[in-house]
Structure formats: C-alpha cells, structure tokens
Amino acid sequence: MGAYEEPKETCGTICLKYLLFAFNFMFWLAGGVVMAVGVWTLIEKTDYISLLPSMTYAASAYILVLAGVIVMVTGVLGCCATFKEHRKLLRVYFVLLLCIFLLEILAGVLAYIYYQQLNQELKQSLKETMTTKYAQKGHDQVTKAVDKLQQEFKCCGSNGSSDWAESIFIRSGANGRLVPDSCCKTSTELCGLRDHPSNIYKVEGGCISKLEEFILDHLKIIGAVGVGIACVQIIGMVFTCCLYRNLKAEPY
C-alpha cells in the first residue's frame, strides 16, 4: 500500500490563508482600539456617569471593553486556525466572530437609543440630582462630578445659576453662598457669596446643554466604533467560511 500523500494546497486556498491572516492581524489591532475606547470612556469620563439617570451610556462602554478583549484573543486564535488548517478551530473562530459581531452591534444600538432619549432624561433628572444630592452625605461622587462639570464646561446650575436657590446645599446655609464655589470664574473659598455675572458663569442653557453635547459626541464615537468594526467582521466571517469549505475534512 503506498504512503499517504498530503493533498497539495490549491492557489485559492493559499490566497485565502494569507488574506485571513492579514485580516486577523488587523482585527487584533482593531480589538485594541475597541477596548481602548471603552476603557477611556469609563476612566476619563467616569465622573459624569454618576450624573446620568440610567446606566445605558456606561453599559455601551462596558460592552466595548468586553468585545475588545474577546477580539484580541480571537485574532490570535484565528491566526493559529488559519495556518494549522484546523477545521474545528476555524469553527470555534467563526462562532467567536459571530458573538463579537452581535456584542458590537448591541453596543452601537444602545448608543443610538440613548442618543435619542438623552435630552429628555437630562431635563428630567439633572436639576434634581444637582439640587438634592450636591454636598450631601453619601453623595461625594455627585458633588465631585458637579464641581468638575461646572469648572470644565464653564457653566453654573442645571438650566442656570438660579437653580441653586432651590438646592438643599444653599438653603441649609452654605456659609452664606448663593452658588457653589465651582460656579466661579476663579474658584476660591467662599467665592460663591456673589452671583454677579462678573464673578460666576452665566451660560445660556446651563450645564444641561454642555453635558448633553459632551455625551452625544462620545455616544457617536462609541456607536461608530462598535458598528464600524462589526461591519468589517463580516469580511472575516466570509473568508473563514470560504477557507473552511476549501479545506479537506480532517482524517480520523
């Protein structure tokens, strides 16, 4: 009986292998980008998350982080499956690609949904959050976030500086302050005693308009990254299916 001879690879199979390898390398890099966007959103902008009425914004970022980690692992698996021509590994790789695809589509959809309802949610909740939780026991994160918001975006109050007259902080005394010190153009101790426009920020639309613009910009980034890379994955799934069909069944 003659020795078993390995079937020679066709030109098409070789091309598919190298195309899929190139895709996996780019896919691995893309996974790093996806994860970085998610981590950046959670770390750099975590203060503002405490001011939002729902966790949809944070959930989108968490999904991107998870998807990014899985993408990087999957990219390595894809390279191994491609060059070893292992059909079982290719099947696992395809399933992981499909799962990541669904995760990133989910992140994009969540970002889009929240994009549509953000304005209404902020109008309903930001003023209440600022006036009832600022400088109150157990709400240090909100206090820090409000101070950062007012200083970073040069605004005062939810809709305007007059909102602070209704706050528990001001009504309880606040050492005579009319607004928090973070409303001041030059923030110093007790600078909030004066609410004249020369001393504090007077911005049309208040902090709501500033925070809304900020969150919307980041939702666009989250949505674009999630949906964009998900669409690229379709190419990878097509390459995987083609290579899988071209490979001979593994001998048992």
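Modeller: Start with the surface. The protein exposes about 13300 Å², and carbon and sulfur atoms supply 64% of that area. Keep in mind that this is a predicted model.

Next, the overall build. The protein has 7 helices and 0 strands. Read from the N terminus, its elements run α-α-α-α-α-α-α. The C-alpha trace spans about 100 × 30 × 25 Å along its principal axes. The radius of gyration is 26 Å, whereas a compact globule of 252 residues would have one near 18 Å.

Now the inside. Of the 252 residues, 45% count as buried. Take the contacts between residues at least 6 apart in sequence: 73% of them join residues at least 24 apart. Charges come next. There are 23 positive and 22 negative ones, and their mean positions are 3 Å apart.

Where does Gln150 sit? Its place is in helix H5, which covers residues 140-152. Is Gln150 buried or exposed? Gln150 counts as buried, because its relative accessibility is 0% and the cut-off for buried is under 20%.

Which residues is Gln150 in contact with, once neighbours within four places in sequence are left aside? Met130 is one of them.

Compare another glutamine, Gln117. This residue lies in helix H4, residues 87-133. Gln117 counts as partly exposed, because its relative accessibility is 30%. Thr46 is 71 residues away from Gln117 along the chain, and their C-alpha atoms are separated by 20 Å.

Finally, the record. An unreviewed UniProt entry lists residues 18-43, 55-80, 92-115 and 221-244 under "transmembrane region". Two of these stretches can be checked against the model. Over residues 92-115 the chain is 100% helix and 0% strand, with the end C-alpha atoms 35 Å apart. Residues 221-244 are also 100% helix and 0% strand, and there the end C-alpha atoms are 34 Å apart.

Terms used. Residues are numbered from 1 along each chain as its sequence is written. This is a predicted model: local features need pLDDT of at least 70, side-chain atom pairs count only at pLDDT 80 or more; totals for chains, interfaces and linings use all residues. Side-chain values use heavy atoms; hydrogens and water are left out. Helices (H or I, at least four residues) and strands (E, at least two) are DSSP runs, numbered from the N terminus. The radius of gyration is taken over C-alpha atoms; the globule rule is 2.2 Å times the number of residues to the power 0.38. Buried means under 20% relative accessible area, exposed over 50%, partly exposed in between (1.4 Å probe, protein chains only). Contact means heavy atoms within 4.5 Å. Accessible areas come from the Shrake-Rupley method with a 1.4 Å probe; for residues, only the protein chains shown count as cover. Lys and Arg count as positive and Asp and Glu as negative; His and the chain ends are not counted. The place of a charge is taken as NZ of Lys, CZ of Arg, CG of Asp or CD of Glu. UniProt positions are given in the numbering used here, feature names are shortened, and annotations may be inferred rather than shown by experiment.
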